[in-house]
Amino acid sequence: MKATTDMYTLPHVWLHHHTGALMSMGLALLVSLTAHCSHPQAEGASQRGLDASRADLWASASASLLQGFWCQPASQLSRDQLAALIRRMATQHVLLRAWQLSCLANLAAQQDLQGDFELHPPDLLLFYNLTQVKEADCRAFIRRAAQGDTELLANLPDQRAALQHRALACLGGPWPRLSASDLLLLGVLVCDMDASSIVAADPHVLQNLQHCPRLTAAQQAALNRLLASGRTVLGPPGSWNLEGLRALGHLASYISPRLWMQLQEAVGLDFFRSIVAACRAGQLRQRDARHFVTSFLEAKSKAVSSPSKRDTGRPCVRGNITAATLHDDLFLMRYDCGQLESCLGSRVLRANLDPLLQHPLPTECQQVVKAKLARVYPGGVPEEQLRLIPSLVYLYSLSEIGQWRITSKDTVVTLLAPDGALENQTEAILQKFLDHNGTVTGALLVAIGGSRLCWMSPRQIQAIRPSEFRLAGALDISSCPQTRKNVLFDKAREAFASASTTDTYYRFMRPYLGGAPVEELRHLAQANVSMDIDTFTNLNPRVLQSLSVGNVTTLLGPNVGDLQKARSHPIISSWLRSLNRSALSELGLDTDPTGPTSSAHSTTGTPSTTLWTHHQAPTSEGPGSTAPSSGTVGGVGPEPGTQGSLGAPSWTEGAPSVSYLQAAHQPTWGTCHWLWPCSQASCGCCMGAPQGPAGTTHRAWWRTALPQLHMRENRGWHVELDTCLDQDAGPRGPGHTPHPRVLQGQSLPTPSSQDLEPERGPGPGVTAPASEGDAAPVLRLLLWTDLAS
């Protein structure tokens, strides 16, 4: 009971100093709930009565409280309590993360709650054991699950493939043409359909595609073919109206210039005005608006018969730009980038930079504005103007950033916003702040997000005070290169090593375990922490190779069955290949799963998933993008977010490659072990590369193919192609096949001593925690810790 007492009293130390806003009704509820759980005998209630009381409390828990869900304490709930908790999550539309959902799904399965799936959150259904879904419930289950976010399955490729496979089984096909009722059933799963299936589908497929976070280049082409056919409710492009275009939502940003050219001029102008107005009002992301504007203006320029009529490079013929001009939603229709250069004066620019940049300027126009700012401010853009230019920051080289003066954390947050600076500009921007006596606080870390930690220098990370790191709580660093994960693990261990119990220590350290040494993981396994599969897939691959089957089984605990859902994940498949058949049998993984590329019908008659494609992020701003390519002179790189919302880094100024830094930590297994979802024994089998001697034919083929492939780095797993058939190669050095994003004249660094550092020992013992901090996420985590009693 010692651990129970410590875990129960710890949150109240924090609450005593920081009440007010943090003591919400939901928070008070959990404290009350914890008291019931920790001291049931004091309440003089029977177990049955306690269960019923607590189930009622769960049924009224707030969404904010439920977002702090943690599996270990929830595993102590009775079946009725867990059922009430899951139903409450559904009614409150609580958005949980993959690591929470995977273990919650296992708890639901243990309590035989999967049958109540219609009362459960759609996201949770994505993680359920699909073999347990009854045939009679198949269509209802898929319809419910297809309302979830399939991107949550990024670390569970086999589960995603199984979901697709089961969906087709429910349809009884694949069919040559998906009907409207089929599409209603498939929901967001259509986002993984291949291009030919989209074109052939019922026109209602547009409603499904509107829920896709992004479309691949092939899917965009299919969308344009479908719209051009005139089969949709919009009719042929010449008959499109404003209402129909607005109904397309973000899909309008994918429409090609060829189709915009067929639009009636009045309708096009009205739609252009509405898009810009929504962007300027903050109702539409600049990136999406810029997709549309760039494509639409390209169509307009093609429609002009004579280049001279485009006014490019000519004196100002449209009239000088004024403040009133910049408030016109059709400003970009009247002033192309050439006229912007000629007609925008320095005085107007200084006084009206904000309204100018509220417009979704094409990249060429952004470069015009940047050049003008350089002439107006030769010593560097002043800080008050820096806060207005996050959309331009990606155009600045590191040397130009070095001219800036940054004294306010608000400026840092603005510049490092998701649509602001490139990842590899993070260190330079932050350093300018630190050079002017700035400090990295917990609030600042939360504001800029965990992905920015990946791009801070080790020195900057080490300078963060442990108390501030504690305030930041759990930050998502899954996209970091391995060397940064190692540094961040050490910093997190310094901040959280004083936790009162190993269980509490694990809950704070979980996001940072990607940098943990093997001794740390063995220690956690002995402590029965029941690691979730999402965290497991983010471990250091080299460290994972040192874990035995017994270590892994104990580390995952009741979640060990999730290995089946992720066996094609590159990190897990690499580990599995190191095991013999007996070890695989012990894990229940000695048979090959049904893959996404199986034949038309399996031996059992189950339909295949040949309908599906692997959904990947686009590599450009969309149709008509003119974003500069990465690695260009002067530090001009691709616009923020042009790799989609997957957090894939862009490369300028010789920034280190994530793939290279990770590869330095991994042994050579002689296969394309980073190529998801392939689990074949050679790169040739995986992607059709020509067979030949290792390091010769294959390497040459990849050098040709890499720039044409869309890579993704998302939610902690990385697709890499720079280890193809390297059996005969030594440690990776400058000669190995580079990552596609550095095949643009950038040289690769040789492994540093840090890259090749030896394994480190386990963390220090755990003692009583410090009481500093008032961050709500940390407080919520501590309160969930109470439920473990």
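Cys 343 is buried, its relative accessible area being 3% (buried means under 20% relative accessible area, exposed over 50%, and partly exposed in between, with a 1.4 Å probe and protein chains only). This is a predicted model, in which local features need pLDDT of at least 70, side-chain atom pairs count only at pLDDT 80 or more, and totals for chains, interfaces and linings use all residues. Residues are numbered from 1 along each chain as its sequence is written, and side-chain values use heavy atoms, with hydrogens and water left out.

Cys 343 is joined by a disulfide to Cys 316, S to S 2.1 Å (a disulfide is a pair of cysteine sulfur atoms within 2.5 Å). Cys 343 is in helix H21 (residues 337–343), while Cys 316 is in the loop between helix H18 (286–303) and helix H19 (323–326) (helices are DSSP runs of H or I, at least four residues, and strands are runs of E, at least two, numbered from the N terminus). The two cysteines are 27 residues apart. Cys 316 counts as partly exposed because its relative accessibility is 27%. The link is right-handed, with 110° about the S-S bond.

## Cys 337 and Cys 365

The sulfur atoms of Cys 337 and Cys 365 are 2.0 Å apart and form a disulfide. Cys 337 lies in helix H21 and Cys 365 in helix H24 (residues 363–376), so this pair ties together parts 28 residues apart in sequence. The link is left-handed, with -95° about the S-S bond. Cys 337 is buried at 10% relative accessible area, and Cys 365 is buried at 2%.

## Cys 191 and Cys 212

The structure holds six disulfides. One of them joins Cys 191 to Cys 212, and both cysteines are buried.
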